[in-house]
Amino acid sequence: MIQTVTTTPFTDQKPGTSGLRKKVRVFAQPHYAENFVQSVFDSLDGFESKTLVLGGDGRYLNREVIQTVLKMAAANGFGRVLVGREGILSTPAASHLIRSAGAFGGLILSASHNPGGPDEDFGIKYNIGNGGPAPEKVTDAIAARSLVIDRYKIIDGADVDIDKLGVRQLGEMVVEVVDPVAAYADLMESLFDFGAIQALIAGGFSMAFDSMSAVTGPYATEIFERRLGAPAGTVMNGTPLPDFGHHHPDPNLVHAKGLYDRLMAADAPDFGAASDGDGDRNLIIGRHCYVTPSDSLAVLAANAHFAPGYANGLKGIARSMPTSGAADRVAEKLGIALYETPTGWKFFGNLLDAGMATICGEESAGTGSDHVREKDGIWAVLLWLNILAARKQSVAAIMADHWATYGRNYYARHDYEAIAKDRADALMAALRDKLTTLPGTSNSGGTISSADDFAYTDPTDRSISQNQGIRILFEDGSRIVFRLSGTGTEGATLRVYIERYVAADGDLSMETAVALAPLIAAAQEVADISGFTGMDSPSVIT
Ligand code: G6P
Ligand code: ZN
């Protein structure tokens, strides 16, 4: 039954920040997915007769590629595949399954927050045995292999029924179709005080959760409505659809505007939240109070001890470099370490494995902890709910109290999307060229104290990652960061991260855009964004 199929390399299969993401029409080319999956398998050592976890966010192509991977895993000698029923597994649930089953690794089919459908995006990501995204040495090996691959192995046989729970045989390999939700929901119940959250909800606390027609629908319905007793309808857009109902499943103020408007209305619920395509991102909005992801990380870290899973305190906090410094102040007060890593959840894995950090977060709406090795949208929502239940205060009151204690890091990210790659590269190159001349000069933002291109040495394995984003630091602690996205599927995306710190005795209630206006002007002056990109304003502000 095992066939060896001759193939030729594709030159564009280097995994990005989070796996290989391409348009569906690229993935649908003959041999394209097969080449990549075989390149992954060829880069791994010692998986014979071991377990592979497999699932995806249900987007267009999910079911087809699930079958392809099953047949290839069997042909390549895996002993068992655990696959989510109907091919569904959220990214954090997949991470948990890899860990709890002691699997060799997992393949997650998703393009995360990118849209789905025949003209949209698809993706494949490999996670290692700790449940986290493959580190750079693995993704580099995959990329290298993809450039020389000349054959792949696949079983020639009928599709496996993935819609019914149970154990089936595929060649020599066992396929076990598992409930995608139950084990994950149990894990959440072990970390949080479900009794306190149930009491909060029974006492009239109202919430809305937008699954954006993506993978979290079944998870959110089970956890919020069934286990925590929130009324039916609390979960909006709760059925995963191959095209996400034409939504762009990115939980930010642009794509979750409906939820935002609802939370800003006179009759707003107490709490609103959303997650993305594959369930690892989160958006938190209190009644009349939007919480930035960077602030959310800081508040969750400062209050985690209210949840049973974190009652013994945190070992450390990690954040990506472009994430604001709000969490740094919490770490300082708690007397624990703060790690600043490059963008990409994969950089947190070693810190979590080494027991150096407990909670991690990124400005890109990702927060999580050592319970899995991925960021986790529903986890972040549950930790917020646990804190709200324990403190018996509104989100707005908790934010006000936080800023009054630590000061406020005003923060925004400006994205310039789908710009020509050579122009984006030219902008970054021009910035790099003048890094040494910037310190000591002044512009609308103030006087620049230092400027560099961020490099990271992993404290556990000493691996070095260079060119991770240009940082311009000002004398008053303000900061502008420029970097190119590693997750886009069309042209290049320039991200400009702008941050200004105001101490606890300063003005904590400015409009963010007003507080940041001088720095926004400075970003334009330093980098000539409109000159290089031809764009007068960002496509998205978050
Ligand atoms: C994915 C990764 C995150 C990363 C985000 C933004 O969601 O899992 O770790 O922060 O992409 O990456 P980008 O390179 O597009 O800024
Ligand atoms: Zn995601």
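**Entry 1: Thr216**

I began with the neighbours of Thr216. Leaving aside residues up to four places away in sequence, Thr216 touches Phe209, Ser211, Ser275, Gly279 and Ile378. I noted that this is a predicted model.

Next I looked up where Thr216 sits. I found Thr216 in helix H8, which covers residues 216-227.

Is Thr216 buried or exposed? Its relative accessibility is 1%, so I put Thr216 down as buried. The cut-off for buried is under 20%.

**Entry 2**

I turned to the strands. How many strands form the open sheet, and in what order? I wrote down seven, in the order E2-E6-E5-E3-E4-E9-E8, with mixed pairing. Strand E2 (20-23) and strand E8 (166-170) are the edge strands, and each pairs on one side only. I also looked up the twist, which averages 20° from one strand to the next.

A reminder to myself: strands of a sheet pair through backbone hydrogen bonds, either parallel or antiparallel.

I picked one pair to follow. Strand E4 (residues 80-88) and strand E9 (residues 173-178) run parallel, and five bridges join them. Within this pair I found Arg80 opposite Val174 in E9.

**Entry 3: a helix on the sheet**

Which strands does helix H2 touch? Helix H2 (residues 32-42) packs on the sheet and touches E2, strand E3 (51-56), strand E5 (105-109) and strand E6 (121-128). I compared directions too: that of H2 makes about 10° with that of E6.

Technical notes
Residues are numbered from 1 along each chain as its sequence is written. Chains are lettered from A and ligands numbered from 1 in the order in which they are written. This is a predicted model: local features need pLDDT of at least 70, side-chain atom pairs count only at pLDDT 80 or more; totals for chains, interfaces and linings use all residues. Side-chain values use heavy atoms; hydrogens and water are left out. Helices (H or I, at least four residues) and strands (E, at least two) are DSSP runs, numbered from the N terminus. Buried means under 20% relative accessible area, exposed over 50%, partly exposed in between (1.4 Å probe, protein chains only). Contact means heavy atoms within 4.5 Å. Two strands pair if DSSP finds at least two bridges between them. Axes are lines fitted to C-alpha atoms, for helices over the stretch in contact, and angles run from 0 to 180 degrees between N-to-C directions.
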